Amino acid sequence: MNRLFQIILIALLMLPACVFGQSREIDDYNRFRSNPTVESGVEFLNNHPGGYYFDSVSDSVGKMLSDRLNEFSIESDYDEALKYAKSKEAKRYIEGKISDARKAQKRYMKEYDSRQYASDDTSDTKSSNGKSSRVKTGLFAIGGSFLMDYANKQYGLGGMLNLRLGSPRFIVNGVVGLRYMGVSLSDSAGDGHYGYNQLSVPAVLRFNLPGILGTGIYLGVGGAYNNNLSVSYRESLTETTEVTHGAINKSTYSILGQVGIGGTRFDGNFFMQYDLKPVVAGEKKMFRVGIEIAWYFLRF
């Protein structure tokens, strides 16, 4: 009997606290419903863990967070919204918002890429009435190249002034230039080799390969007219003689092939050159390989 009396007494003593706690939760819940925000919802959840309205408020917080998602949201934003979902209905709602945000992000990135490509080939100018207009630029570009090639233990170094015809964003564009190349008589070449200086006019048609690793990869094919200047012959390590013009082909033609990667400013490629006639009459060494690194400093 005494035990029962103690239980009833404890229950009576705790009743006001329970009633007060429920009353406070109801007041806080009503305040949240009158002005629902993420901040007030999180405060309610912290103050009333396990409360009667806990799941309902948690769902609301998750939905409000998902309503904030946009094309700039990241995975942690998605996870933050999902962790508040308590009901299946709230989870479906939030997952739908996440899906919309991801689609918006894809659209934004696609439009961003388009704007980047457009900005490479266009610029804003203002007419006399102050209105802005889009003017094509970058369809022609002037740049400089550094070249190095190799054949038969001999290295060649040179430079070229380039004129690019067409934007590198086009499927097809071309490059013409004025190139100077010097092939040295290095010690590694040994005896019986020729060194020469060559002035060329190359022209290459390039074909871009879209969609490969997201880069500007291209294949190039063309030719060059070569004017062979001075030519020297090494008879020994200590004796070098000048070759008379009768012993060299003054003018030659070459076939060029390129595999490269580049954009509006930078360009680099691996090239192959095959001379239809050798520089030195009677020689069989007509194939060279090399690299070219270019920078386009002027676009118009």
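**First stop: a helix pair**

H2 and H3 run roughly antiparallel to each other, a label that goes to angles over 145 degrees. This is a predicted model, in which local features need pLDDT of at least 70, side-chain atom pairs count only at pLDDT 80 or more, and totals for chains, interfaces and linings use all residues. Residues are numbered from 1 along each chain as its sequence is written, and side-chain values use heavy atoms, with hydrogens and water left out.

Select residues 38-47 for H2 and 54-67 for H3: the angle is about 150°, and the axes sit 9 Å apart. (Axes are lines fitted to C-alpha atoms over the stretch in contact, and angles run from 0 to 180 degrees between N-to-C directions; helices are DSSP runs of H or I, at least four residues, and strands are E runs of at least two, numbered from the N terminus.)

Now show the side chains. From H2, pick Val38, Gly41, Val42, Phe44 and Leu45; they meet Phe54, Val57, Ser58, Val61, Met64 and Leu65 of H3, contact meaning heavy atoms within 4.5 Å. That set splits into 9 nonpolar, 2 polar and no charged residues, with Gly counted as polar.

**Next stop: Leu139**

Jump to the loop between strands E2 (132-136) and E3 (140-151), where you'll find Leu139. Beyond four places in sequence, its contacts are Arg164, Leu165, Gly166, Ser167, Phe170 and Phe300.

**Zoom out**

The whole chain has 5 helices and 11 strands.

Terms used: Angles under 35 degrees count as roughly parallel, over 145 as roughly antiparallel, 65 to 115 as roughly perpendicular and the rest as oblique.
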